Amino acid sequence: MKTKNQKTLFRLIGYTKPYAPLIVISFVSSILSVAVSILIPLMTGYAIDSMIEGAVDFDKVFKYIYIIAAMIAVGSIAQWTLSASVNSLTCKTVRNIRNQLFEHINNLPLKYIDSQRQGDIIARISSDIDQVSEGLLQGFTQLFSGVLTIAATLGILFYINWIVALVVLVLTPLSLFVAAFITRRSHSTFAAQAVKRGEISGYVEEIFTGRNLIQAFCQENLCQKDFEKLNKELYDCGFKSQFYGALINPCTRFVNNLVYASVGVVGAIISLWAGSPKTLSAGILATCLTYANQYTKPFNEITGVITEIQSAVAASKRIFSLLDQDVEESDAQNEKLENCDGTLDIQNVSFRYVDNKPLIENLNLNVTQGQKIAIVGPTGCGKTTLINLLMRFYDVNSGCISMSGKDIRKITRTSLRDSYGMVLQDSWLFKGSIKDNIAYGKQDASLEEIIKAAQLAGADDFIEKFPDKYDAMLTENGDNLSQGQKQLLCIARIMLTHPPMLILDEATSSIDTRTEIKIQEAFYRIMQGRTSFIVAHRLSTIRECDVILVMKDGNIIEQGNHEELLGKKGFYYELYNSQFANSSAS
């Protein structure tokens, strides 16, 4: 029965199957390299005997020198070929794993992504895969070469003198026992070290994202303490794993030196006791000593490789645990939504993130074409959750949401999401030109279309102030822009796509009042004839909406336009007047 480590190894090896020719080249090169390293000491022994047995036989000496030189050349070529093929195999395999992992992450449900630390996921696709590359894949080649060297050396020692070979063979288990004893104790520490690396990556990413708030609240010292605690835990795991890893080499070296000394003593006794140099000549004795050293050397390399493999296996488990997460159920067989008419029907919808914590219960809503629907309510009432359900970022637990008369679970997610234009409260920009950021939702847009969208969004004014205008480069997440400017670009991006339906989730929350008025006018223009959902906390921005849904505890408790809801003097009336009172007081 395979252990978890063995399953991980076999699964990883499966990624190398497309590159079978490189594997064959690696094995052939390794065998050739080992064969040369085995034969050179034997030729050297023969050459020594040719010089000390009576008169020096220069013809034989030079013959062996030529043979050794040729072997060295062949060995060098084989070693270069081995290195090149292994590097190529490793790079291609790791590339495929990283591509598959990134594609898998893109297909994971939002529920899983929301439950994980982003930095930990990033660590798996970066540092963990690098660990696999450096440790496991390249280590296997060293492992194969080492085992082959041990077997070939032992075989030729039996060919030369079975007594000397027996001495080496008897002492071999001692070296294996030492390596196995230490390796078993180091595995758990390497696994813990991989987990802690992921935690630190997640914490650093989290702190870096919120660095402005951390400085605003003067919590640098607290962050430093938390980081030092995590770093100390990583240090403890790393120290233990490296301690055990460092023990392997000196312990096996001690055993190896014991083997070398034993071969020297036993070989000398055999040579003297036999009374004839032909039994074990000086040259062959020197060869045996070389083989004894050559035999034990791979044990040092193998034990060092095992340390790397232990760390790589731990990293592989983290990678495969992410790959084993269930992706969104395929909807390729579903119908593609075409000619969306902007109608929406929500019937008896219930949803909860956690099974024992109800959020939305028996929600009903009918939306006609072109309506402007505002969604308001206190924090945690389900406003953003409702948007997530409309976009199928999450699926309802019960009930049905229909778009254009079709259950959204029976149409493809791509066609569903293409029907919406979405502007979120948190702006997202990538490193690239302003032009490329605006055209993100419509890659084939012309410059004229991009400029028009920016003008409608009110972004053209500040863009024109850049020396490169629309070709100006943004830093990561657009950090060289103000928050309001970033939001304006996101609004321009959605205006460029002209979708049949809109979702505006606090889309103007980061924009000053004067700019907000300008943007609201642009929104009203683009919303004409389009069904629009507007999530808002500023109730003054939704007075012109056709329908205002007032949500509380996952339910729509009030519904109507602005004047109707004020007339009812209910929950909306209280919300609106509380904001008005606050603004008047300020």
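Residues are numbered from 1 along each chain as its sequence is written, and side-chain values use heavy atoms, with hydrogens and water left out. Because the model is predicted, local features need pLDDT of at least 70 and side-chain atom pairs count only at pLDDT 80 or more, while totals for chains, interfaces and linings use all residues.

Helices and strands are named as DSSP runs numbered from the N terminus (helices are H or I with at least four residues, strands are E with at least two). Helix H2 (residues 20-52) packs against helix H3 (residues 58-107) at an angle of about 160°, and their axes are 8 Å apart. Axes here are lines fitted to C-alpha atoms, for helices over the stretch in contact, and angles run from 0 to 180 degrees between N-to-C directions. H2 and H3 are therefore roughly antiparallel to each other (over 145 degrees counts as roughly antiparallel, under 35 as roughly parallel, 65 to 115 as roughly perpendicular and the rest as oblique). The contact of H2 with H3 has 22 nonpolar, 11 polar and 2 charged residues. In this classification Ala, Val, Leu, Ile, Met, Phe, Trp, Tyr, Cys and Pro are nonpolar, Asp, Glu, Lys and Arg are charged, and the others, Gly among them, are polar.

Helix H5 (residues 118-125) is largely enclosed by the rest of the structure, because 6 of its 8 residues are buried. Buried means under 20% relative accessible area, exposed over 50%, and partly exposed in between, with a 1.4 Å probe and protein chains only. The buried residues of H5 are Gly119, Asp120, Ile121, Ala123, Arg124 and Ile125.

The next element is an open sheet of 4 strands in the order S2-S1-S4-S5, with antiparallel pairing; two strands pair if DSSP finds at least two bridges between them. Strand S2 (360-367) and strand S5 (406-407) are the edge strands, each pairing on one side only. Strand S1 (residues 344-351) and strand S4 (residues 398-403) run antiparallel and are joined by 5 bridges. Ser402 in S4 is the bridge partner of Asp345. Helix H11 (residues 383-390) packs on this sheet and touches S1, S2 and S4, its direction making about 115° with that of S1.

A second open sheet has 6 strands in the order S6-S9-S10-S3-S11-S12, with mixed pairing. Strand S6 (420-423) and strand S12 (555-560) stand at its edges with a single partner strand each, so one side of each is left without a neighbour in the sheet. From one strand to the next, the twist averages 20°.

Within this order, strand S9 (residues 501-505) runs parallel to S10 and is joined to it by 5 bridges, with Asp505 partnered by Val535 in S10. Strand S3 (residues 372-376) also pairs with S10 in the parallel sense, over 4 bridges. Ile534 in S10 is the bridge partner of Ala374, and Ile375 stands opposite Val535.

Strand S10 (residues 531-535) is mostly covered, with 5 of its 5 residues buried. In a regular strand the side chains alternate between the two faces of the sheet. In S10, Thr531, Phe533 and Val535 lie on one side and Ser532 and Ile534 on the other, and both faces are covered.

His562 lies in helix H18 (residues 562-568). His562 is buried, with a relative accessible area of 5%. Leaving aside neighbours within four places in sequence, His562 is in contact (heavy atoms within 4.5 Å) with Arg543, Ile548, Tyr572 and Tyr576.
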